[in-house]
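I opened the notebook today to go through one protein chain with its sequence and coordinates side by side. The entries below keep the order in which I looked things up.

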Amino acid sequence: RKKKNNRTTIMTTLTTSDNNNNNDGDEDNQSTTPNARPRRRRKFSLLLSPISLPPSSSSHLDENNSKGCWKTSVMFLNTIKSAVVFGIIVVVLLVVLPLWLSFYDYGGERRGGIGKIAKSELERKFDSKASDVVESDSGDDQAGVEVEGSGRPFEYIGDIDPTKPLPWPKKEADWWALHELLAKRVAESDSLPPISISNNEPRDKNNDNLYFPQLIFYGDSITEGWNGTSFGNIPGEHRMWSPNEPALIRQIFDKHFGQSSVWGRKAARPPLVLGISGSKTYDFIWRIENGEFPVSRIFDAKDDGSATAAESETETAANQYLERIFIILMGTNNLGGGMLPEPTIRGMDAVGRTILQKLRDRNASQPAAILFSELLPRRDDFRARKMCPPRCKNEKTLEPFSSFMPAIEKVNRALPDVLDGWRRDYPESKIVLLSSKEGENGIDDSKSHDMKTIFCGREMFAMERQEEFDLHMPDHLHPNAKGYDLWARCIKRGLEAIMDGNVQLLS
């Protein structure tokens, strides 16, 4: 019986040892750890608490517990590793892959096998990520609040009639907000009292009228740039302006046309800058028919039929005064939206005729004056490439245009005939064209008082050297402060021509 009991004890011990080995140290012997939890709850607890070895006097239990802890640690590390790998895959799919596809598509290979074109640093700064910018003007008519964003994405407009007034969609809140602001500025200007004209009105040494006409600047982003803004706000880095560029440009405008200038000190009213970035001919026509066209009389005149002979003479004198000069730059965004040169020319023709007709309807006996600018050179060639499709140089092979300049040159060649048509139909008006070409005798041709065209050459960015062009138009489309200062000289030559040489604006 004693041998039998010993044999039973030995078998029990071996069985307990095997059970401990199979459990990998996850569970202590009930006799040594009376407070042990069930196995599943113990494993869950190990995942949430620091890994540690329980105290034990048994050496074989210490060894088993150590193996269990190491196994748990390996499992935990494997879980972390799997999470990291999963995270890397997500980043690649959501970030890296779309960027790579965008680069691949930009080169044109997915548009017909033209081949990849590497983006330059300039193009990366220009790349449109738009419709994320809604800008507004501040109360001082000049300053803005800088926001993130760049230019706007390409939107095809080739099928729109460029001669019919059409505003931007209502969703373009920034365009509508700036239009309303400009219309308010026009209304405020119109509310100013007229200047009384008398027979003994003092004249200057040239026997010209004492007051210079009010200057009205019409156009798109280049015109709005005189305020140092885009959609009423400071442009983003895609314009490639320095931080102080907007303030410098406003100072340059004031120096040439504002209160600090020769013109500004004698102007009948302060100038109005009525430009909205992205404007095309058709939305510009809508703008001037909806509040952005001044209608008030600047010089007092009576036409109620009860005037005396002296008053009638005064009225006649008032009607002979040139009240406003309209300086217009419009059309490059038609081409930039995929419109061909021929409809763009028709749109530009409609712009001038709309203004001249409104002036005639208001007072047929009063002269009107337009200083109309050719399209400025632009070298943002990547935008020309991004028009394809739908606007391609070869629609079958989907070969894109490589530059805007052929279209710009075609438009500019047609403008002299367009303006001759205005002069024929509105003979009471003074109409001068600003050209980027050089005259036969250089830009000094503008000294002739009967000039129909002012040849500005370099003053309108007709520059052969790329380095010089970049210095004045760093984004290849919009002038910077240096560019506006140069272009102002061309505009002043045109003003001298309209004023028949009775004012000298350039030293």
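Is E323 buried or exposed, judged by its relative accessible area? I found E323 buried, with a relative accessible area of 2%, where buried means under 20% relative accessible area, exposed over 50% and partly exposed in between, for a 1.4 Å probe and protein chains only.

Basis of the entries. I am working with a predicted model, in which local features need pLDDT of at least 70 and side-chain atom pairs count only at pLDDT 80 or more, while totals for chains, interfaces and linings use all residues. Residues are numbered from 1 along each chain as its sequence is written, and side-chain values use heavy atoms, with hydrogens and water left out.

Entry on E323 and its partner. I noted that the side chains of E323 and R362 meet in a salt bridge at 3.3 Å, N to O, a salt bridge being a side-chain nitrogen of Lys or Arg within 4 Å of a carboxyl oxygen of Asp or Glu. E323 sits in the loop between α10 (309-319) and β3, and R362 belongs to helix α12 (residues 341-362), so the pair ties together parts that are 39 residues apart in sequence. For the element names I rely on DSSP runs numbered from the N terminus, helices being H or I with at least four residues and strands E with at least two. In contrast to buried E323, R362 counts as partly exposed at 26% relative accessibility. I also recorded that D190, R297, E323, R324 and R362 are linked in a network of salt bridges, and that the structure holds 19 salt bridges.

Entry on two further salt bridges. The side chains of E374 and K437 meet at 3.3 Å, N to O, in a salt bridge. E374 lies in the loop between β4 (369-373) and α13 (381-386) and K437 in the loop between β5 (430-435) and β6 (453-455), so this pair joins parts 63 residues apart in sequence. I read E374 as buried, with a relative accessible area of 1%, and K437 as partly exposed at 38%. D380 forms a salt bridge with R378, with the closest N and O atoms 2.8 Å apart; here D380 is buried at 1% relative accessible area, and R378 is buried at 3%.

Entry on strand β1. Why is β1 largely enclosed by the rest of the structure? Six of the six residues of β1 (residues 214-219) are buried, so the strand is largely enclosed. β1 pairs in the parallel sense with strand β3 (residues 324-329) over six bridges, and with strand β2 (residues 272-275) in the parallel sense over four bridges; two strands pair if DSSP finds at least two bridges between them. L215 has I325 as its bridge partner in β3, and I216 stands opposite L272 in β2.

Entry on the whole protein. I logged 16 helices and six strands, and buried residues making up 47% of the 507 residues. Of the contacts (heavy atoms within 4.5 Å) with a separation of 6 or more, 72% are between residues 24 or more positions apart.
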